[in-house]
Amino acid sequence: MGRSLCPLMPPLSYHWPMLTELEIFKDACVNDTSPEIARMVRERYARMEPVQRFMIGVNMFESARAIVQASFAADLSSEQLRRALCERLYPGLAAQAYGIE
């Protein structure tokens, strides 16, 4: 895997070899935040305790997981749900973790 063009997005050449990162994320790194506000946000995060920053990341992941989970059929078993989440959040890993179906 190569380095991502956008610091917010992972490199995707492994997952989608026919599309380039530039094609996939050409608009993903639009920055409409003024430098002054960006500085204020950086300073605020720098003042936080490490556990506070960690918990923000945990909460963001849990929110993303809930959004993804809401897109699945309601009748999935717990095993099917775990696999579907793995496939959606970590493309390519589900086959290694759960075996190829």
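At 36% relative accessibility, E43 counts as partly exposed. This residue belongs to a predicted model in which the chain has five helices and zero strands.

**Overall fold**

- Read from the N terminus, the elements follow the order α-α-α-α-α.
- The chain has 101 residues, of which 15% count as buried.
- Among contacts between residues at least 6 apart in sequence, 11% join residues at least 24 apart.

**Nonpolar core**

- The largest nonpolar core consists of five residues, namely V68, F72, L81, A84 and L85.
- Helix 4, which spans residues 78-89, gives the most to this core, with three residues.
- When neighbours within four places in sequence are left aside, L85 is in contact with R65, V68, Q69, F72 and Y90.

**Salt bridges**

- Side chains of opposite charge can pair when their charged atoms come close.
- The count of salt bridges in the model comes to four.
- One of them joins the side chains of R39 and E43, with an N to O distance of 3.1 Å.
- R39 and E43 are four residues apart in helix 2, so about one helical turn separates them.
- R39 is partly exposed, with a relative accessible area of 36%, and E43 is likewise partly exposed at 36%.
- Another salt bridge is formed by the side chains of E62 and R65, at 2.7 Å from N to O.
- Because E62 and R65 are three residues apart in helix 3 (residues 50-70), they are separated by about one helical turn.
- E62 is partly exposed at 35% relative accessible area, and R65 is partly exposed at 29%.
- The side chains of R82 and E79 also meet in a salt bridge, with 2.6 Å from N to O.
- R82 and E79 lie three residues apart in helix 4, and therefore about one helical turn separates them.
- R82 is partly exposed, with a relative accessible area of 43%, while E79 is partly exposed at 39%.

**Nonpolar surface patch**

- On the surface, I37, M40, V41 and Y45 form a nonpolar patch, and together they have about 340 Å² of accessible area.
- I37 lies in helix 2, which covers residues 35-47.

Conventions:
Residues are numbered from 1 along each chain as its sequence is written. This is a predicted model: local features need pLDDT of at least 70, side-chain atom pairs count only at pLDDT 80 or more; totals for chains, interfaces and linings use all residues. Side-chain values use heavy atoms; hydrogens and water are left out. Patches are made of residues with over 30% relative accessible area and no salt bridge: like charges are joined within 9 Å, nonpolar side chains (Val, Leu, Ile, Met, Phe, Trp, Tyr) within 5 Å. Accessible areas come from the Shrake-Rupley method with a 1.4 Å probe; for residues, only the protein chains shown count as cover. Helices (H or I, at least four residues) and strands (E, at least two) are DSSP runs, numbered from the N terminus. Buried means under 20% relative accessible area, exposed over 50%, partly exposed in between (1.4 Å probe, protein chains only). Contact means heavy atoms within 4.5 Å. A nonpolar core is a set of buried Ala, Val, Leu, Ile, Met, Phe, Trp, Tyr and Cys residues joined through side-chain atoms within 4.5 Å.
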